[in-house]
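Please work through the following exercises with the structure in view. Each task is followed by a solution in steps.

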Amino acid sequence: MKAYEKLLLENKAWAAEKVNDDPAYFSRLANLQVPEFLWIGCSDSRVPSNEITGTQPGEIFVHRNVANLVINTDVNLLSVLDYAVNHLKVKHVIVCGHYGCGGIKAAITNHDFKAVLNMWLRNIKDVYRIHRAELDAITDADKKTDRLVELNVKEQVFNLAKTSIIQRAWKQEQRPHLHGWVYGLKDGIINPVFEMNAGTHIDTIYEYDDL
Ligand code: CO
């Protein structure tokens with residue numbers, strides 16, 4: 001059997017088990033999606049949002065990319081954010097990074113990862129530059145990576161708050177609350193490192209006054 005064929009086989013078994021446990025499972029989900037959460041996570045295969053939070057299909061709207069970045073020219077991310085905030089009306093947006101993130105590690109090096117990855121990782125290097133004094137003082141490579149993982153998550157929450165999508169929702173509906181979390185690959189525990197309630201003021205240069 002080819003590796004991918006096992007996935008299709010497992011899928012049939014999973015679907016059968018779900019229907020066996022709850023005959024209305026799929027018909028209910030097919031008709032309704034009202035997730036309370038938008039999850040912006042790393043693409044890393046070891047950080048599956050539903051498994052680690054004990055949630056079911058239908059509960060979390062998900063966007064994932066390398067090192068969970070919120071970039072203001074990323075049409076993919078912004079479309080997901082717009083849909084989640086303005087149509088699904090999510091109450092919480094969670095940016096979840098993870099300790100030992102390969103994208104963060106790569107960004108700390110001076111290695112040339114070639115055009116596209118260099119372009120993506122540049123955004124993480126910018127986070128490093130902002131916090132250079134603190135990060136340069138950490139000599140242990142793993143600790144440095146993990147601290148940048150935390151700082152990166154915080155910076156991405158700020159990036160969310162800078163968007164007119166979030167600011168408009170804050171003004172009109174006092175939601176969503178923003179959260180910066182970091183998941184531990186070694187113990188499976190999520191560390192909530194940063195929180196920004198709806199309506200929080202940020203550097204005024206980013207605040208729209210005519211929304
Ligand atoms: Co990662």
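**Exercise 1: The setting of T163**

T163 is buried, because its relative accessible area is 12% and buried means under 20% (1.4 Å probe, protein chains only). The model is predicted: local features need pLDDT of at least 70, side-chain atom pairs count only at pLDDT 80 or more, and totals for chains, interfaces and linings use all residues. Residues are numbered from 1 along each chain as its sequence is written, and side-chain values use heavy atoms, with hydrogens and water left out.

Task: Locate T163 and list what it touches.

Solution.
1. T163 sits in the loop between α8 (141-161) and α9 (164-173); helices are DSSP runs (H or I, at least four residues), numbered from the N terminus.
2. Leaving aside residues up to four places away in sequence, T163 touches L78, L81 and Y208, where contact means heavy atoms within 4.5 Å.
3. A polar atom of the T163 side chain lies 2.7 Å from the backbone oxygen of L160.

**Exercise 2: Two domains**

Task: Describe how domain 1 and domain 2 meet.

Solution.
1. The protein chain is divided into domain 1 (1-32) and domain 2 (33-206), with bounds from an automatic or database domain assignment.
2. The centres of the two domains, taken over C-alpha atoms, are 30 Å apart.
3. Five residues of domain 1 are in contact with five residues of domain 2.
4. The count of salt bridges between domain 1 and domain 2 is zero, a salt bridge being a side-chain nitrogen of Lys or Arg within 4 Å of a carboxyl oxygen of Asp or Glu.

How values were computed. Helix = DSSP H or I, 4+ residues; strand = E, 2+ residues; numbered from the N terminus. Buried < 20%, exposed > 50% of the residue type's maximum accessible area, 1.4 Å probe, protein only. Polar contact = N/O pair within 3.5 Å; in protein donor to acceptor, adjacent residues only side chain to side chain.
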